[in-house]
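Here is a short tour of one protein chain. Keep the sequence and the 3D view side by side as you read.

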Amino acid sequence: MAVTPLRVLACGDVEGRLEALFGRVRAIQGKSGRFDMLLCVGNFFGSTSETEWAEYRTGAKKAPIPTYVLGANDQETVSYFPEVSGCELAENITYLGRRGLYSGTSGLQIAYLSGTESQDEPAPAYSFSAKDVAELKTSLLSTPNFKGVDILLTSPWPRDVGTFANSAGEIDTKKCGSKLVSDLAASLKPRYHFAALEKAYYERLPYRNHTVLQETPQHVSRFIALADVGNTSKKKYLYAFSIVPMSLMDPAELVKQPQDVTENPYRKSRKEAQKTKAPLCAEEEPACQFFFDLNKHQGKKRPSDEKERGNSQPKQAKKPPQPTGPCWFCLASPEVEKHLVVSIGTHCYLALAKGGLLPDHVLILPIGHYQSVVDLSSEVVEEVTKYKSALKEFFRSKGKRYVLFERNYRSQHLQLQVIPVPLDHCTSEDIKESFIAQAQEQQIELLEIPEHSDITQVAQPGTPYFYVELDTGEKLFHRIRGRFPLHFGREVLASEALLALPQRADWRRCAAERAEEAAQARAFRRDFQPFDFALRA
């Protein structure tokens, strides 16, 4: 039997404008039918509340719908909330309390945290502290089979909520809001998270609560910030939605991922928190005992054995296939522009990129004809790894870090593009965020590969894909299933967020004279010589 969804209204800062709020609620119910509850975040009371509030407090007027509110955010309004643990303030208007979980007869679970962040212990009556958040997390996470909460109510925004997301307008999400709220949201995994205080409306794209390829799929979270009631800018302050409690939902339906889902904005802080956790117990199965097959349903895993694990047993040596026509990158081919070659190993060689994004933009290429990394034999993989290490050391000596990417799509010979970025220009995290954010803008699902895995564990030979690797070892992967922008990797690196060279995103617009190319190759060869293992062989 189908479960009837609950119909819920959420509201931003009321600031004592009760008549305006409840008048609007009556109008909505008149048009759309009855709602089950109204949830208010931010400042419910304001400096001019007393006159309007007295009519509701005395029972002269009644809220048209069960209304649940958070507590004070400043000393001025503390007196409106007589009980720390929550109480009925007036008929149909309930103060939830400082922090906790509200669960009605419907089974809907609403976690709440009143006040603004404070560094003091104990926190003032209108604030919460790290201890408050830790205790709330502990009480909920210790629940057997905890998967998350249906709704989270806080007054402040969570810090960094805009990471990987659509723009929040004038609100700088890297500076606005509370880190403690971010930590709470990351742990409680609310399906809906409402906040206010910034006098702005912002509906963030939904974000994941699991790490793709490492964890089984979980439900997504939606963050919605609401403006203040009756604001003159007509910003949205009421949000209507329907929800079936998580506990009553079909598990497969619950974890469905919408097309516009993004990475988790709080994952950096989660990673830092995970580093402080105790190591695995001896009987626990480490994550590296599994790898994932993207040809099957996402999230299913199969145990690897020693023969299958990409890091354990290399592929047997095999003769590379022969190209079906002229190849610009097989070293023995007359089409190769040999004046760009800067190092030759046993199985691979380095060459400056023609029309490079930068003068030291270099390619790692197999001497034989291989289409992609997943096709390489073990000895070629070994030498590719050597060139990566040498280039990392070389670029670090120049105050740079490299970004490597491969596009196995509409190309017949493997080209590992290696582009240096100045260390003082941006961090590895900035680079990763730029790739993920720009991928989302183009509806490209760029997933992070677990650190213990490599690309051969997520892509089969012949699979079209795009792959990014940072010199930290972090990797991003996209399985290409249709069209794909050929210059995507260059476009991201050339963007204003990174190298700020948008005019050089297309290599065809960066052509140089042969003499200039040869001079750049000689300069690179000379500088790279101390790091070139091929010269010491």
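Buried means under 20% relative accessible area, exposed means over 50%, and partly exposed lies in between (1.4 Å probe, protein chains only). Lys61 has 28% relative accessibility, so it counts as partly exposed. This is a predicted model, where local features need pLDDT of at least 70, side-chain atom pairs count only at pLDDT 80 or more, and totals for chains, interfaces and linings use all residues. Residues are numbered from 1 along each chain as its sequence is written, and side-chain values use heavy atoms, with hydrogens and water left out.

**Salt bridges**

A salt bridge is a side-chain nitrogen of Lys or Arg within 4 Å of a carboxyl oxygen of Asp or Glu. By this rule there are 29 salt bridges.

| Pair | N to O distance |
|---|---|
| Glu19 and Lys61 | 3.1 Å |
| Asp132 and Arg98 | 3.9 Å |
| Asp228 and Lys199 | 3.9 Å |

Start with the salt bridge between Glu19 and Lys61. Their pair links distant parts of the chain, 42 residues apart. Glu19 sits in helix H1 (residues 18-32), while Lys61 is in the loop between helix H2 (50-57) and strand S3 (67-69). Helices (H or I, at least four residues) and strands (E, at least two) are DSSP runs, numbered from the N terminus. Glu19 is partly exposed, at 34% relative accessible area.

Next comes the salt bridge of Asp132 with Arg98. Here 34 residues separate the partners: Asp132 lies in helix H3 (residues 130-141), and Arg98 in the loop between strand S5 (93-95) and strand S6 (99-103). Asp132 is buried, with a relative accessible area of 13%.

Is Asp228 buried or exposed? Asp228 is buried, at 8% relative accessibility. Lys199 is partly exposed, at 38% relative accessible area.

Arg208, Glu263, Arg267, Glu429, Lys432, Glu445, Glu448 and Glu474 are linked in a network of salt bridges.

**An open sheet and its helices**

Two strands pair if DSSP finds at least two bridges between them. In what order do the strands of the open sheet of 6 strands run? The order is S6-S7-S10-S11-S13-S12, with mixed pairing. S6 and S12 stand at the edges with a single partner strand each, so one side of each has no neighbour in the sheet. Tyr202 stands opposite Ala225 in S13.

H3 lies across S6 and strand S7 (109-113), at about 35° to S6. Helix H4 (residues 179-188) packs on the sheet and touches S7, strand S10 (151-154) and S11. The direction of H4 makes about 170° with that of S10. Contact means heavy atoms within 4.5 Å. Axes are lines fitted to C-alpha atoms, for helices over the stretch in contact, and angles run from 0 to 180 degrees between N-to-C directions.

**Strand S1**

Strand S1 (residues 6-11) has 5 of its 6 residues buried, so the rest of the structure largely encloses it. S1 pairs with S14 in the antiparallel sense over 6 bridges. In S14, Ser242 is the bridge partner of Arg7. With strand S2 (residues 37-40), S1 runs parallel, joined by 4 bridges. Val8 faces Met37 in S2.

**Nonpolar cores**

A nonpolar core is a set of buried Ala, Val, Leu, Ile, Met, Phe, Trp, Tyr and Cys residues joined through side-chain atoms within 4.5 Å. The largest has 39 residues, of which Ile364, Leu391, Ile455 and Phe524 touch the most other members. Helix H7 (378-397) and helix H10 (514-528) are among the elements that each supply at least two residues. H7 gives the most, with 7 residues. Apart from this core lies another, of 30 residues, including Ile65 and Phe81.

How do H7 and H10 pack? Their angle is about 95°, and their axes are 11 Å apart. Angles under 35 degrees count as roughly parallel, over 145 as roughly antiparallel, 65 to 115 as roughly perpendicular and the rest as oblique. H7 and H10 are therefore roughly perpendicular to each other. Ala390, Leu391, Phe394 and Phe395 of H7 make the contact with Phe524, Asp527 and Phe528 of H10.
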